[in-house]
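Let's take a friendly walk through a protein model, one feature at a time. Have a look at the picture first, and then read on.

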Amino acid sequence: MRFGLAVSSGSFGSGVAAMLDIFSVADAVRADVDETIPPIEAQVAGTSSIVPLTSGMQLPASRGFHELADFDVVIVPALGSLTGPDTRARLDSEEGRAVIEVVRELDTSTVRLGAACTGVFALAESGHLDGRRATTSWFLGAEFRRRYPDVDVDLDQMVVTDGPILTAGAAFAHVDLALSILRMVSSDLARHVGQLLVIDERPSQAVFMAHEHVQHDDAVVIEFERHVRAALAKPFEIGTAAAAIGTSRRTLERRVREVLGLSPLGFVQRLRLERARHLKATTDQSLEEIAPRVGYANVESLRALMRRHR
C-alpha cells in the first residue's frame, strides 16, 4: 500500500510527522502480525524538494503534487491555520490551489482520500465531499458549514468514513486518521501499532469541545449562548429563550442549526456538559452536587449525557 501526503508550506508539523512515524512502524512490524500484509510505503509530495512546516520543521518531499494519482491513498494534512480567515488565505494561496486542483482530478474509484483538521477544507474545495459526511476541527465547524453547505458535518466524531473518503478532527487527530487508514490494510496491524505506540482510542471530539471557542459571527446565536450560559442552572424552554433575546422560536431554531449543526436544546446540553466537566476537573464537588448547577435535578440525566459524549 502506498500512501501519499500532499504537504504544503506551513502544514502542521507534528501531525505530518506523526503520520509518517505510524506508517513507518506499521511497515516494520507488519510481517510479525501477518506475513501476507503488503509493504506499506508513505511518501511526501510537495511543490519543492524541502517543505517548511510549523515550528521551524522542514521535510524533504520525494514527489510532486502531480504524482499523487500514483498512490493508493492520498492524505491532505492540516494546513497549519487556526482561524477561518487564515484557512481561507491558505486555500487561496498558490500551493493551496495546486493541492485542490490535483485532488479534484483524482478518481475515488481507484484512490482513497484522507484529510485531517483544516486539510478537510481542501477536500471540500475539491468537491469530493459534496453529499458526504465529514468531520473537521470542531472550532471551525461554523466556518466549514457556511462555506460548504452540501457537506454533512459531524463534529462529534474523531474520524468519519464515507465511502472512499476519511476525514479527521483537529490537529492531533492525524494519529486517529493514520490508524483508521491502517485498518483498511489490516485491523490486527492497526491494533498492534496502537499498542506499540500507546495510542488510546478516541472515537469522539465532543469531550474536547469548548463552545466559547467555536468561531462564528451570527448575532442571534451569540446572544442565545450568552443567555443560556447566564441561566445554565435553570430549566430550559426555547420559547422563553427566544423571547429573552428578541427573536422568534422558529428563527432561533433555524439559526442555531445553520451555524452549529445542533438543535437549541442540543446546544444547551453541550454547554451543560462543558460546564459539568469543568467543575468536575477543577473542584472537589460530586456529580450529585454539580448536576443542579448545570440544570439537572436528577444526577442520572447528567450521567447519561456524559456517557453519550465521552
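## Aromatic pairs

Rings of Phe, Tyr and Trp (its six-membered ring) count as a pair if their centres lie within 6.5 Å, and a pair is called edge-to-face if the planes are over 60 degrees apart. By this rule, there are eight aromatic pairs in what is a predicted model.

Take F121 and Y148 as an example: their ring centres are 5.8 Å apart, with 75° between the planes, which makes the pair edge-to-face. Where do these two residues lie? F121 belongs to helix 4 (residues 119–126), while Y148 is in the loop between helix 5 (141–147) and strand 9 (152–153), so this pair ties together parts that are 27 residues apart in sequence. Both F121 and Y148 are buried. Ring pairs also bring in F144, giving a cluster of F121, F144 and Y148.

Another edge-to-face pair is formed by W138 and F139, at 5.5 Å centre to centre and 90° between the planes. Are W138 and F139 buried or exposed? Both are buried.

## Charges over rings

R2 lies over the face of F71, 5.0 Å from the ring centre. Likewise, R272 places its charged end over the ring of Y296, at 5.1 Å from the centre of that ring.

## A look at helix 11

R272 is also one of the buried residues of helix 11. Others among them are P264, F267, L271 and L279. What do the buried residues of this helix pack against? Their partners are helix 8 (219–230), helix 9 (238–244), helix 10 (249–260), helix 12 (287–290) and helix 13 (299–308).

E223 and I245 are 22 residues apart in sequence, yet their C-alpha atoms are 6.3 Å apart in space.

## Where two helices cross

Now turn to helix 6 (residues 174–185) and helix 7 (residues 187–196), whose axes come within 6 Å and cross at roughly 145°. Helix 6 brings L179, L182 and R183 to the contact, and helix 7 brings S187, A190, V193 and G194. How many of these contact residues are nonpolar, polar or charged? Four are nonpolar, two are polar and one is charged.

Note on methods
Residues are numbered from 1 along each chain as its sequence is written. This is a predicted model: local features need pLDDT of at least 70, side-chain atom pairs count only at pLDDT 80 or more; totals for chains, interfaces and linings use all residues. Side-chain values use heavy atoms; hydrogens and water are left out. Axes are lines fitted to C-alpha atoms, for helices over the stretch in contact, and angles run from 0 to 180 degrees between N-to-C directions. Helices (H or I, at least four residues) and strands (E, at least two) are DSSP runs, numbered from the N terminus. Contact means heavy atoms within 4.5 Å. Ala, Val, Leu, Ile, Met, Phe, Trp, Tyr, Cys and Pro count as nonpolar, Asp, Glu, Lys and Arg as charged, and the others, Gly among them, as polar. Buried means under 20% relative accessible area, exposed over 50%, partly exposed in between (1.4 Å probe, protein chains only). Rings of Phe, Tyr and Trp (its six-membered ring) pair if their centres lie within 6.5 Å; planes under 30 degrees apart count as stacked, over 60 as edge-to-face and the rest as tilted. A charge sits over a ring if NZ of Lys or CZ of Arg is within 6 Å of the ring centre and within 35 degrees of the ring normal.
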